[in-house]
Amino acid sequence: MLHDTATTCSTRRGKGWALKARHTVAGLLAGALLAGTGLVTPADAAGKTITAVMHSGLRVLDPIITTAHISRNHAYMIYDVLVAVDENFTPRPQMADWTISDDGLVYTFTLRDGLKFHDGAPVTSADAIASLTRWGKRDSGGQLIFDITESLEASDDKIFVWTLKSPFPALLDTVGKQSALPPFIMPERVASGPADAAVTEYVGSGPFIFIESEYQPGVSVTYRKFEDYVPRDEPASWMAGGKVVHVDEVKWVTMPDAQTAINAIMSGEIDYLEQVQIDLLPILAASDDVTVETRDDLGYQAIGRMNFKHPPFDNKKIRQAAQMALSQADVLGTLIGNPDYYTVCGAIFGCGTPLADESGAETLVSGGDIEGAKKLLEEAGYDGTPVVLMQPTDVVSLTAQPVVAAQAFRNAGFNVDMQPMDWQTLVTRRASQAKPSEGGWNIFFTNWLVPEVNSPLISPMLNGRGDSAWFGWPADDEIEALKAEFIAADTPEKQKEVAVRIQKHTLDTVLYIPLGQYASPQARSNKLTDMLPSPVPVFWNVKKAD
């Protein structure tokens, strides 16, 4: 049954989904770069600096108060993690090894030798405990673990013991997950602060140092190789293994205009482009100097998230009406265009995954139902309350969803107030619980890597803890009870049965709206080699030729 469901979803992708091909362009385009980015010249950069255009400018530097991918990417540069999953989704020791008691209740972690923060201080058990505790207040999976934590205590500076009240078989998978939210290890003095307040000191023990003096929020950020970092001996594999740095610096620069970024990589003025706009791929189609590829086969899931605290989406029927108005094909067709790069998929855990099921997604995958949405709005007594829809304007993969959704909502009878802003402003504003009329919001759209949402234990949207939940703050005891059932399920078949119930509940309650899957190609100069094919872009292991 697991295989049949996953195959049904993945077949819909089409033969163009796995995009591990090289594309070229004959001749170079002139690279008109944005002023003020602080780019180094190709001669200066060769062999020493990698210059990259990421999907968004960096403004939020604390990776625990936000799930924004750019903040996560930043965190992997300067912080390290205790446990990391490899390319087979297997948890591996990173900063620490571990043993587990026979009853599955006691995890003893031992920090490896050579761990040092960028300020020269050794990494200790106290740092790990403070970091895990802060993470556990923010992360959905972490909350579940701390619900059953008896104690988390240091035995000495290198050994600490995590004791549970009942088994949590997925503890290492949850602590070692690569995204949304990994428990990055910070100094105790930093991590001991409030979990809902951003840190103001950016000292990690990772392979790169954040150069705060060169940081221009939203414009550019510079990372320098940490000479005292001691990599593991194992080969690098996703977030696991040896993080060996072969360059002196990595500089991220912001280029909101997609054509400008394409010109820059064609002319050699940048080395890496995290996201390539699909309709611009032909420009790169014949070059011997640039490689276009995807980092993983599952890709991203587009989603819509409503605010449960304020009208009109505090009303279940009105949430259902909004979901009924939307068509995945319309969203994906506008966002991506080329059907080789997207698939209609109603599975909240992602098509092509073991827990995939599409129950309850009938209108989403069949083109929407505007008339049905109108009827639900009438039944709910919708009074024309404005829907504040936050619209990011500067990220290629986020510009289409709000525009398509706004029109569908208007067609169904909603009064839509679409407010444009850059993505980092949206990332900050979505944390506000203020009324929409006072600087808050009603709905926004974003995207997740499928590995971030392929289990109810890690998906941030499947959190019903009200103010402790992910942005939108649903209070939903049933989803919490279903997750507890999933944890207790002792066979894959039992887990799948619970996962199907979670799928149905999520779409009935409209915890969020899944809007299908798509691939996001990256482009890199052929001077860059050995770049890890990880869903999360990382800059260790990669080499740059002169």
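**View 1. Partly exposed Glu-234 and its salt-bridge partner.** In this predicted model, Glu-234 has a relative accessibility of 37% and counts as partly exposed. Glu-234 pairs with Arg-232 in a salt bridge. Their closest N and O atoms lie 3.0 Å apart. Arg-232 counts as buried, at 13% relative accessibility. That value falls under the 20% cut-off for buried residues.

**View 2. A salt bridge between Asp-271 and Lys-544.** The closest N and O atoms of this pair are 3.1 Å apart. Asp-271 is buried, at 4% relative accessibility. Lys-544 is buried too, with a relative accessible area of 11%.

**View 3. Lys-494 joined to Asp-490.** These residues form a salt bridge, and 3.1 Å separates the closest N and O atoms. Lys-494 is partly exposed, at 45% relative accessibility. Asp-490 has a relative accessible area of 59% and is exposed. The Asp-490 value is over the 50% cut-off, so this residue counts as exposed.

**View 4. A salt-bridge network of Asp-147, Arg-465, Glu-480 and Lys-483.** Salt bridges link these four residues into a network. A search of the whole structure finds 27 salt bridges. Among the pairs found are Glu-234 with Arg-232, Asp-271 with Lys-544, and Lys-494 with Asp-490.

Conventions:
Residues are numbered from 1 along each chain as its sequence is written. This is a predicted model: local features need pLDDT of at least 70, side-chain atom pairs count only at pLDDT 80 or more; totals for chains, interfaces and linings use all residues. Side-chain values use heavy atoms; hydrogens and water are left out. A salt bridge is a side-chain nitrogen of Lys or Arg within 4 Å of a carboxyl oxygen of Asp or Glu. Buried means under 20% relative accessible area, exposed over 50%, partly exposed in between (1.4 Å probe, protein chains only).
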